[in-house]
Amino acid sequence: MGWQVLFISLLSLSVVHGQVSYSIPEEMTKGALIGNIAQDLGLGLERLKSGKARIYTGNTEEYIELKRERGVLLINDRIDRESLCGQTMPCALHFQMILENPMEFYTVTVEITDINDNPPTFEKSEMKYEISELTPTGARFVLDKAIDNDVGVNGLNSYALKPSDNFVLKTISRVDGTKHVEMVLQKPLDREKHEHISLILTALDGGEPQLSGTMQILITVLDANDNTPVCSKPEYKASVTENAPVGTLITTVRATDIDKGNNGIVTYMISKSGAAGLFNIDANNGVLTLIGHVDYEKRRLYELDVQVSDQGGLSDACKVIVDVTDTNDNPPSINIMSNSNAVSENMKPGTVVTMLNIQDADSNDNGKVICVLNENIPFAIKSTANNFFTVITDSELDRERASEYNITVTCSDEGVPSLSSSVTLTLQISDVNDNAPVFERSSYEAYIVENNTPGLSIFTVKARDADWNQNARVSYILEDSSVNGVPVSSYVSVSADSGVIHAVRSFDYEQIKDFHFRVKAQDGGSPPLSSNVTVKILIQDQNDNPPQVLYPVQTGGSLVAEMVPRSADVGYLVTKVVAVDVDSGQNAWLSYKLQKATDRALFEVGLQNGEIRTIRQVTDKDAVKQRLTVIVEDNGQPSRSATVIVNVAVADSFPEVLSEFTDFTHDKEYNDNLTFYLVLALAVVSFLFITCLVVIISVKIYRWRQSRILYHSNLPVIPYYPPRYSDTLGTGTLQHVYNYEVCRTTDSRKSDCKFGRAGSQNVLIMDPSSTGTMQRIQSEKSILDEPDSPLEVRNIVLHCILHNCNT
């Protein structure tokens with residue numbers, strides 16, 4: 001017999017795409033062709049290969065194999081229809097062909113047709129009967145049935161009995177298709193003629209070629225019993241539940257024999273058949289009991305042939321039909337057809353992750369199955385076809401919330417009590433780069449002390465990424481920006497791996513106090529995601545700058561003197577030392593101390609404000625020339641300081657001041673150049689003696705010209721105001737303007753000064769290299785007035801340029 005495709009039906013149920021059926025004879029050799037399933041289903045060979053097509057047969061043996069490269073089904077193992085299906089018709093193999101990417105499956109049915117490979121057989125090789133010669137014609141004798149494992153036309157077809165002188169064979173076909181055979185007496189027996197009769201019963205099937213089996217029947221003719229037993233009913237019906245215990249009563253068969261004595265005693269016997277091992281009938285009382293295990297899922301109906309016989313060999317037959325009722329004794333069986341071990345977290349809802357086949361061998365409600373999943377997971381299960389279920393995603397997946405799911409599928413039937421079974425599927429969620437790095441803080445602020453070493457680690461920014469593996473690997477990048485027009489990369493750098501921020505240069509608090517920049521955190525995903533954060537660096541001050549004295553100004557060649565009248569009282573403000581420190585905080589807190597002084601008992605310096613005041617009444621005994629050394633210290637650690645020398649003139653008039661400071665300058669110069677002048681004097685005296693007249697005339701002319709120049713010129717008056725200085729007490733250092741009339745002779749030591757208007761303080765700038773006559777200062781001059789000055793003080797600075805005495 002060849003094979004043929006019966007039908008192909010395309011379906012639209014979820015992932016079930018089609019169904020195909022084939023019909024083949026049993027006992028085909030291994031490797032025999034069944035059919036081209038790729039062509040029959042309209043699938044290409046490439047689809048079979050890419051989808052990893054395979055056959056799913058459940059728990060049964062794999063008789064069929066799929067050749068993916070050719071798209072055909074082949075015989076994988078010898079198929080014996082009788083072993084596979086027994087007497088069940090039709091006999092078919094049901095399996096599914098599974099495809100992946102995307103998941104699809106097709107239902108395939110292969111019908112196994114019978115061939116005539118089994119002859120009819122009898123369980124016994126012979127049967128013996130003892131029959132009374134008085135047995136009337138028409139008496140029936142039940143014969144053992146022949147068994148033919150083939151079905152249909154190849155099954156048991158007919159019986160033949162030879163010789164047929166006294167007996168004729170009667171065959172009765174039953175509803176279930178079996179043939180019941182009886183031997184009927186058609187001619188009275190005569191023991192005197194034939195005490196022993198030997199017959200041959202032949203069973204024939206309808207196959208081609210026809211096969212047969214035989215059994216010998218030995219008959220012993222008895223004498224005297226002329227009444228046969230009679231069953232009360234020709235057919236008995238009973239039921240038994242599956243899994244009923246051994247010894248369960250099924251029914252009672254009753255038969256009567258009107259003979260008396262031994263000829264009236266009836267015995268009961270079950271004809272040998274496949275079910276004889278499950279049931280037993282009491283030979284004396286006809287009670288039928290269960291002696292084996294009946295299973296509804298294997299066989300639902302049993303027909304028993306009961307033969308009743310008397311002692312004389314007469315017999316009758318009746319039939320007992322036992323119906324097996326189902327009980328819920330089979331839990332659902334869960335078979336995983338296809339399963340995904342991992343899915344991406346960006347899978348859309350409705351994606352199939354697992355395909356299941358659920359089988360329950362029970363029937364009716366006991367075989368109806370409902371499947372559910374454990375709670376609080378983003379998955380659902382739905383039925384796609386008869387006994388097939390798919391597990392699908394029910395909502396969005398997020399690996400950061402759950403990277404793995406244990407999906408427990410529980411299937412329960414509707415029996416009472418309900419039976420269930422479950423299986424746990426482990427599903428990994430693979431990562432997708434859907435989370436940007438997040439910094440631990442919304443902004444950062446860090447401090448660094450100025451004068452740092454380049455390359456110093458300042459602090460670390462840290463960002464975390466909720467993704468996994470490469471998608472969570474964070475790199476740190478310094479965003480382009482500028483600080484005061486300079487790229488920020490020349491100030492700081494960021495370690496790409498650790499986020500450590502290093503100083504590129506040494507910072508100076510006095511130049512820059514703080515600056516901002518942005519750091520970007522970028523993950524290693526594709527495409528990468530990033531976020532940024534603002535970082536503020538604050539430079540902390542170090543005490544790296546000494547105080548700077550703004551007033552009094554230290555000149556290179558001139559002496560600055562503060563004038564104090566001898567009538568000054570205790571607390572008289574002589575002057576104020578003004579200093580600043582470019583550092584900040586306590587590093588810029590300044591304190592003033594009197595380090596050295598000509599007379600420590602006369603002056604003091606304000607610790608906080610630098611004011612120099614008298615601490616006692618000035619007397620005539622106090623020296624005119626007072627030299628004060630003031631040290632200005634900041635409050636840093638370690639502290640830094642600056643020193644200023646303040647010259648104070650204790651006098652009531654300028655001539656006295658000029659005389660003292662001129663002597664001071666000339667003596668100083670004289671001491672410094674004594675040797676030089678001694679040598680020079682010898683040469684000059686000699687030269688003057690020779691040229692005396694010439695010199696006198698020259699001196700007269702020069703003096704006349706010089707007096708004219710001084711008369712028409714003004715003496716320079718230079719006011720000085722310390723920058724950013726303000727006397728908060730409102731007293732000021734110099735509150736009034738002096739007007740002087742100065743009378744000079746050729747000898748400056750004999751010059752005189754007249755005070756035109758009273759004042760509290762005067763500043764003299766003396767040039768030690770000059771001698772000459774000071775010109776009268778005009779009181780109308782207004783160059784001393786500075787309206788933009790922060791002080792309301794007007795200082796008269798008298799600058800006398802003293803020339804050579806000879807002029």
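1. Helices here are DSSP runs of H or I with at least four residues, numbered from the N terminus. Phe676 lies in one of them, helix H5. The model is predicted, so read each point below as a description of that model.

2. Start with the whole chain. The protein chain holds six helices and 56 strands. It has 807 residues, and 44% of them are buried. Among contacts with a separation of 6 or more, 68% join residues 24 or more positions apart. The accessible surface is about 41600 Å². Carbon and sulfur atoms supply 51% of that surface.

3. Next, helix H5 and its patch. Phe676, Tyr677, Leu680, Val684, Phe687, Leu688 and Val695 form a nonpolar surface patch of about 610 Å². Helix H5 spans residues 674-690. This helix gives the most to the patch, with six residues.

4. Is Phe676 buried or exposed? Phe676 has 52% relative accessibility. The cut-off for exposed is over 50%, so Phe676 counts as exposed.

5. Now a loop residue. Asn366 sits between strand E27 (352-359) and strand E28 (369-373). Its relative accessible area is 15%. Buried means under 20%, so Asn366 is buried despite its place in a loop.

6. What does the side chain of Asn366 contact? It makes a polar contact with the side chain of Asp326, at 3.2 Å. Leaving aside neighbours within four places in sequence, Asn366 also touches Thr327, Asn328, Asp360, Asp413, Gly415 and Val416.

Technical notes: Residues numbered from 1 in each chain as written. Predicted model: local features only at pLDDT ≥ 70, side-chain atom pairs only at ≥ 80, totals over all residues. Heavy atoms only, no water. Helix = DSSP H or I, 4+ residues; strand = E, 2+ residues; numbered from the N terminus. Buried < 20%, exposed > 50% of the residue type's maximum accessible area, 1.4 Å probe, protein only. Contact = heavy atoms within 4.5 Å. Areas by Shrake-Rupley, 256 points an atom, 1.4 Å probe, with all protein chains shown as cover. Polar contact = N/O pair within 3.5 Å; in protein donor to acceptor, adjacent residues only side chain to side chain. Patch = residues over 30% accessible without salt bridge, like charges linked within 9 Å, V, L, I, M, F, W, Y side chains within 5 Å. Salt bridge = Lys/Arg side-chain N within 4 Å of Asp/Glu carboxyl O.
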